[in-house]
Amino acid sequence: MVIRMSYSRVVEQSDQAIRELTEAGEQILGYIYPHFPLEIAMAHGLLPSLVRTSPSAGGGYESSLQTFACSLTRNIFSQRASGHLTTFSGIVFSGNTCDSLQNVGEVWRKRFPDDKTFRLTYPAAIPSESSVTFLAEELRKFSVAIDSEFKMPFSEELFKDAVALISEIRESLQMLYAARVLSPKLLEYSTLSSLITGFLTAPTTSVLDNVLEIRSSTMEDLEMQVDRDLVSELQNAFLRKDLMDIGKFDESISIRLLLVGGMIETNALSEFLKSVPNFSEDMIILDLLSYGFKTAFTPSISLVGDPFENSARAILGSLGEPTQEGLSDRVRFLKEILSKLSINGLIICEQSFCDPDEFEAPSLARAAEDLQVPSVRLPIDPELSDRVRLEGRIQTFLETLM
Amino acid sequence: MIAVTEQKKEKAYRLLKSSALLQQIMFRYMMEGQIASEEGNLAWVTSGFPVEIPVAMNIGISYPEQYGAVVGSQRMGPELCGFAEGLGYSQELCSYARSSIGSVKHPDQSPLGGLPTPQALLACNNICGTVLRWYDTVSELTGAPVFLLDTPPLEGEQPEHHRDYVRKGLDKLVDFLEQVFGKPLADERMQEVALYSTEAVGLWTQCLEACKAKPSPLNCADRFLTMAPIVSLRGTDYVKDFYVSLLAEVKERISNGVGAIKEEKIRLLWDNIPPWFTIFRFFNGLAKRGVVFPADTYTHAWTGSIEGDNLFDSVVSIYSNVYLNKGLDAKIDKMCQLIQNYDLDGFIMFSVRSCKRYSLGQLVSKELVTERTGVPGVVIEGDMVDSRLFNEAQIQMRVDALLEMFA
Ligand code: SF4
Ligand code: SF4
C-alpha cells in the first residue's frame, strides 16, 4: 500500500492545532535553529514550535536588514514586520551558528523591543566534553531565563514526559527514514516530510499518533518485502553516523537521489520537486537536511543524571551542521551514503545568501564527483522566487541521469 | 629673461614619513613567512586569533585577511574572486575568503605569488563564522589541518562557562601546535611575547587617541595602512620600533598644528573595512573637500594588554571581547563613544556585502547612533575587495547628500 498524506493538510492541521492550543492558553515558544532543546522548553510547560518560513512573506525587512541577509532570516523578519507570527509568546535565536542569525536576532530586539526573545548559544567546535559542558550551561541559563520571563519553572515530571514523547516521535521517524531507504515506494517522501513538519510545528501526542499510524502501516508493508532487522540496522548506522557495516544496496530503481543542505524546509522542497516534470518522489532515497534527517536522527536524551548535560549531549550527538566545525566528517559520511546506498544523483540545496550552505556546497559537489556521482546545486529561497529556472535545472539534471 | 617659478601645489592630504619604515617591516614579515613555509613552520591565522601563542612557540605567521587587502589594493579582486567562483564558491561569500581561495588555486596569477603555503590553519571565530569555512576550504586545497578556537559571541559580561570553554580551547591549541610543529611552549617566551604585544598595542592605541586633536594627525587610509604590523606582527620584538616612530610623527604633527589633510572642515567616523581597491581615491577625494576621518571602528579593534599572573586568562578576556564578538549594543556604544570623544560631525557606514557579521545591523545602528549623538550618518553599500560590487556613482550620491547637511 502506498501511503499518501497531503502536505497542506498536515500543515493546516498543525497550524490549526497551534491556534487551538494558543486559544486554550498554551504558550508557544518559537525557535529557528533546528537543534533546539524541545524537551527543556516543554519541561517549562511551553510548546516549542519552529518559526516556519512563508512562501508569501513579501517584503518588510528592507528598513532593518540589507538584502544580503540570508533569505530565511529575511523571510521570517518580514513576516514579523508585517504583523504576523502572533501565536508565539517568545522566540529563541541561536548564537554562534551563523552570522546572519546572530545579527538578525539583535536587530529583531531593537525593532520589536516588546517581543520576548532569547539567545541560546551553541558551540561551533567539534563536539567534545568541553562543548557539552558549555552547551549544558547555556541550556541551564536558558531555562532560568524562561522561568523568569514566563514564571514557569522547570518541572522534572514534565521533562520526563517530554523526553518520552520526543524520543518516541524521533525513533518512529528514524524508522520511517530507514524503511524508505529500503523501499522508497512504500512511503512518499512528501508524507515523511509532512510528518516532520508536524513534529517541528507542534510536538504533541496527536503528532505522535499520526507518526505511529503511518509507522505501523509502513512497517507492515515493509515486512512483506524485507527483514525488519535490516531497518533497525540501518537506523542504528545512521545514528552512529557510520555505514561501514551496512551492505551495499541494490540499484533496482534507476534514479536514486540524495538531498543535502542546511535549513531548508523539507515539505516545501518536496512540494517543489513534485511539480517538476518527470520527477517522481520514489527517486528520493534520503535527505540529509537540517529540518529533515538531522531533526529525526538526534539521539534520545538519557533520563539518568543532569537533564541539561544530557540534553546537550543529545543535541551535539546529531549529524553536524554546515554552521559547525567538522566538514571532513560530514564529507566522509556523505561519501559513505553515496556509495552504500547506491545514490546516483546528488541535489545540493542552498538557502540563498546562506554562508554556511554556500561554503559547504562545493565540498559536497567535489565529494560526489570523486565517486562519479553527478550533482546539481539548487539555490533556493522560501518564496521560490526563481522557481522556473530551478525547475529547468532539475529537469536537465534528471535527463542526464536517465 | 622672465624667471618662471614652478610652485608645487600642496596636496589636500599629507603622506606619512613612517611609510618607508612600514614598507621595510612588512617586507621582513613577508620574507619571514616565506622562509617559515619552506621550513615547514608556517601557520595562517585570522586577524582576531591569539597569535601570541604560536609566535611564542616560534611558529611563522601569515595573515590571509591582510593578503586580501593587498589583493584589493592591487585591484586583483575580481580576477582572484573569479577563480574561487569557478570552483563553485558563490559571489555572495566574503571576498577575502574568495580571493584567498582563488590565490591558493592560482598563486602564479596572484600578487606576490600568493601567500606562502601553510602547514596549519588557525581560525578564531571571534570576528565571524566565515573564517572557519574559509579555512576548511583552504585545508581541502592544501592539506594543512585547521584548528578552530571557538569563542562564542558575548552578550554583555562574559559568563564563567564561556571563559572556561575558551580557556580549554587554548589548551587544545597548544596541544595541536605541539603536535603539528613539534615545538613546546615555554612560559618565559610566552611572557616575552605578551610583553612585546602589549607594548605595541599600547603605542598603537596612543596613535589612535592622538587623532582627538584638531586637526587630526591621521586620516582613515593612514590608519588602515599603519595597522598592518599590529595585525600581523603582534608579539614580535621589531614591531615596537615602527609604532615608536609613528607615534613620534603623530606627536610632531600635533605640536606643529599639522593635520593629515590640508584643510580640515568636517570630521567623520568610518564604520567597517575600507574599499581597498579605491582606498586612496575615496579618502583623498573627500580630503579635497575638507573631510577627515579621525576615527573608525575597525582599526580600534586591536586593543587590550596580555598581562597579569595568568597570561592565558588574559588571552581569553582579550580575544573573547573583540569588537565583532560583542552585541549590537556594544557596537552602538562604541560608535557613540568615538563620535563624542573625537568630536565628530557625522559618520559613514560602509555596508560590506561580503561581511555579514560586520554589516548586518548597520541600518538599525545608524538610526540609534544618530538618535543618541544627534549627528547624521549615511550607509553606503559595496565591497572591500570585489570592485564588481561597488557602484561608485551611487555611493558618491549618498556621500554628497550627507556632506550637504554640513554646508
Ligand atoms: S539559512 Fe543559513 S544563514 Fe540563514 S539562518 Fe540558517 S544557517 Fe544561517
Ligand atoms: S566575513 Fe567579514 S569578518 Fe569574516 S573574514 Fe570576511 S571580512 Fe572578515
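Two strands pair if DSSP finds at least two bridges between them. The close-ups below come from a predicted model.

**View 1. The open sheet of chain A.** Four strands line up in the order S2-S1-S3-S4 (chain A), and their pairing is parallel. The edges are strand S2 (46-50) and strand S4 (117-121) of chain A, each pairing on one side only. On average, neighbouring strands are turned by 30 degrees against each other, direction ignored. In general, strands of a sheet pair through backbone hydrogen bonds, either parallel or antiparallel.

**View 2. Strand S3 beside strand S4 in chain A.** Strand S3 (residues 88-95) of chain A runs parallel to S4(A), and five bridges join the two.

**View 3. Helices on the chain A sheet.** Helix H4 (residues 99-111) of chain A lies across S3 and S4 of chain A. H4 runs at about 140 degrees to S3(A). Helix H5 (residues 129-150) of chain A also packs on the sheet. H5 touches strand S1 (27-31), S2, S3 and S4 of chain A. The direction of H5 makes about 170 degrees with that of S4(A).

View 4. The residues around ligand 1 are Cys70(A), Thr73(A), Cys98(A), Ser100(A), Leu101(A), Met263(A), Thr323(A), Gln351(A) and Cys354(A). Five residues of this shell are nonpolar, four are polar and none is charged.

**View 5. Helix H8 of chain A.** Helix H8 (residues 205-223) of chain A has 19 residues. From first C-alpha to last, H8 reaches 26 Å, close to the 27 Å expected at 1.5 Å a residue. Among the buried residues of H8(A) are Val207(A), Leu208(A), Val211(A), Ile214(A) and Thr218(A). An α-helix has 3.6 residues a turn, so residues three or four places apart point the same way. What do the buried residues of H8(A) pack against? They pack against helix H6 (156-182), helix H7 (189-201) and helix H9 (228-240) of chain A.

**View 6. Gln66 of chain B.** Gln66(B) sits in helix H3 (residues 64-73) of chain B. Why does Gln66(B) count as buried? Its relative accessibility is 14%, and buried means under 20%. Leaving aside residues up to four places away in sequence, Gln66(B) touches Met26(B), Tyr29(B), Ala228(B), Val231(B) and Ser232(B).

View 7. Residues around ligand 2 include Cys94(B), Tyr96(B), Cys128(B), Trp134(B), Cys355(B) and Met384(B). Helix H6 (residues 130-142) of chain B gives the largest share of the shell, three residues. By class, the shell has nine nonpolar residues, one polar and no charged.

How values were computed
Residues are numbered from 1 along each chain as its sequence is written. Chains are lettered from A and ligands numbered from 1 in the order in which they are written. This is a predicted model: local features need pLDDT of at least 70, side-chain atom pairs count only at pLDDT 80 or more; totals for chains, interfaces and linings use all residues. Side-chain values use heavy atoms; hydrogens and water are left out. Axes are lines fitted to C-alpha atoms, for helices over the stretch in contact, and angles run from 0 to 180 degrees between N-to-C directions. Contact means heavy atoms within 4.5 Å. A residue is near a molecule or strand if one of its heavy atoms lies within 4 Å of it. Ala, Val, Leu, Ile, Met, Phe, Trp, Tyr, Cys and Pro count as nonpolar, Asp, Glu, Lys and Arg as charged, and the others, Gly among them, as polar. The expected span of a helix is 1.5 Å times one less than its number of residues. Buried means under 20% relative accessible area, exposed over 50%, partly exposed in between (1.4 Å probe, protein chains only).
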